[in-house]
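Q: Please take a close look at one part of this model. I would like to know how it sits against the rest of the chain.

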Amino acid sequence: MSEPISREALMKTIENLTETNEQLSTDNDTLRIIISKSDIDCIYCGLPKKDMGKCAYGFPGCGRADDLLMEDTDGTEPEPAV
Ligand SMILES: [Zn+2]
């Protein structure tokens, strides 16, 4: 039988995973911002950048708008207006 995993080892693993998750989330947000500002067609609706105002999801509404709005914030998505 294998040895039981110590609480300390579990807590360290959780800590490491949390740290990794935060880093990946930050990297993901950075890439979303870069792509949203690039000339790449919208990854959500497929429209080219010049037509982003014609998006069927609206603008804001399309995910590209959310990605554009993420810049100059703390990286969290804006809360919906109440
Ligand atoms: Zn779009």
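A: A residue counts as buried if 20 or more other C-beta atoms lie within 10 Å of its own. Keep that cut-off in mind for helix α1. The model is predicted.

Helix α1 covers residues 7-37. Of its 31 residues, two are buried, so α1 lies largely in the open. The helix reaches 45 Å from its first C-alpha to its last. That is close to the 45 Å expected at 1.5 Å a residue.

The chain as a whole gives the setting. It has two helices and zero strands. Of its 82 residues, 7% count as buried. Take the contacts between residues at least 6 apart in sequence: 31% of them join residues at least 24 apart.

Leu68 lies in helix α2, residues 63-69. Leaving aside neighbours within four places in sequence, Leu68 is in contact with Ser36 and Lys37. Leu68 and Lys37 are 31 residues apart along the chain, yet their C-alpha atoms are separated by 6.8 Å. Leu68 has 16 other C-beta atoms within 10 Å, so Leu68 is partly exposed.

Now the loop between α1 and α2, where Cys62 has its place. Cys62 has 22 C-beta neighbours inside 10 Å, so Cys62 counts as buried. Not counting residues up to four places away in sequence, Cys62 touches Cys42, Tyr44, Cys45, Met52, Cys55 and Tyr57. Met52 is 10 residues from Cys62 along the chain, and their C-alpha atoms are separated by 8.5 Å.

Note on methods:
Residues are numbered from 1 along each chain as its sequence is written. This is a predicted model: local features need pLDDT of at least 70, side-chain atom pairs count only at pLDDT 80 or more; totals for chains, interfaces and linings use all residues. Helices (H or I, at least four residues) and strands (E, at least two) are DSSP runs, numbered from the N terminus. The expected span of a helix is 1.5 Å times one less than its number of residues. A residue is buried if 20 or more other C-beta atoms lie within 10 Å of its own, exposed if 12 or fewer, and partly exposed in between; C-beta atoms are placed from the backbone. Two residues are in contact if their C-beta atoms, placed from the backbone, lie within 7 Å.
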